[in-house]
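Notebook open, viewer open. I want to walk through this one from the overall layout down to single residues.

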Amino acid sequence: MKNDRAKALTQQVTDAVLTVPGVVCLRPGLRSLLHNAAARQSAAVDRTDPGTALRITFDSRGRATGLRVDVVVRAQHQAARTAGEVRATAAEAAAVPPGAVRVTVTGIV
């Protein structure tokens, strides 16, 4: 049950973050890169899989207490402003205070 909640919350936050203007994608982690490499050989790649680019911590009651989000930002947007918008959007989607969200811009394209 906890795992289903974690998956649902991860998808909810991912969807919300991807709507922020200036966000190209979540930074793919190694797991996602390997999965996507295998998927290219047989089917379409799931570009919304956050892999390790979105990590959520939970307390003992199963409530989200913190998020780490790694994003790639478009060059035409200010990285700091975009990161701030990602923080606010992710916090709202996960129902945590903005201070509990840590955003890292891992690339600019």
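**Layout.** How many helices and strands are there in the protein chain? I count three helices and four strands, taking helices (H or I, at least four residues) and strands (E, at least two) as DSSP runs numbered from the N terminus. Along the sequence the pattern reads α-β-α-β-β-α-β.

**Ground rules.** I am looking at a predicted model, where local features need pLDDT of at least 70, side-chain atom pairs count only at pLDDT 80 or more, and totals for chains, interfaces and linings use all residues. Residues are numbered from 1 along each chain as its sequence is written, and side-chain values use heavy atoms, with hydrogens and water left out.

**Confidence.** I checked pLDDT, the predictor's confidence in each residue from 0 to 100. The protein chain averages 83, and 76% of the residues score at least 70. Which helix has the lowest confidence? That is α2 (residues 30–42), at a mean of 50, while the highest is α3, at 97.

**Chain totals.** I get 38% of the 109 residues as buried. My cut-offs: buried is under 20% relative accessible area, exposed is over 50%, and partly exposed is in between (1.4 Å probe, protein chains only). The accessible surface of the chain is about 6,500 Å², with 54% of that on carbon and sulfur atoms; the areas come from Shrake-Rupley with a 1.4 Å probe, and for residues only the protein chains shown count as cover. For contacts between residues at least 6 apart in sequence, 66% join residues at least 24 apart.

I then picked V13 and listed its contacts, skipping residues up to four places away in sequence: L54, L67, A90, A93 and A94.

**V23.** I found V23 in strand β1 (residues 23–26). Is V23 buried or exposed? It is buried, at 7% relative accessible area. With residues up to four places away left out, V23 touches V17, L18, V71, V72, T82 and V86. V23 and V86 are 63 residues apart along the chain, yet their C-alpha atoms sit 8.3 Å from each other.

**Helix α3.** I ran the length check: 16 residues, spanning 22 Å from first C-alpha to last, close to the 22 Å expected at 1.5 Å a residue (the expected span is 1.5 Å times one less than the number of residues). Buried here are T82, A83, V86, A90, A91, A93 and A94. Why do they fall on the same side of α3? Because they cover an arc of only 165° around the axis, the arc being that of the directions from the helix axis to the C-beta atoms. A80, R81 and E92 are exposed on the other side of α3.

R87 also lies in α3 and comes out partly exposed at 29%.

**A95.** Just after α3, A95 takes a positive phi of about 55°. I flagged it, as most residues other than glycine have a negative phi. A95 sits in the loop between α3 and β4 and counts as exposed, at 69% relative accessibility.

**T104.** Last stop: T104, in strand β4, is partly exposed at 29%. Leaving aside neighbours within four places, I see T104 in contact with V69, D70 and V71. The C-alpha atoms of T104 and V72 are 8.7 Å apart, across 32 residues of chain.

How values were computed. Contact means heavy atoms within 4.5 Å.
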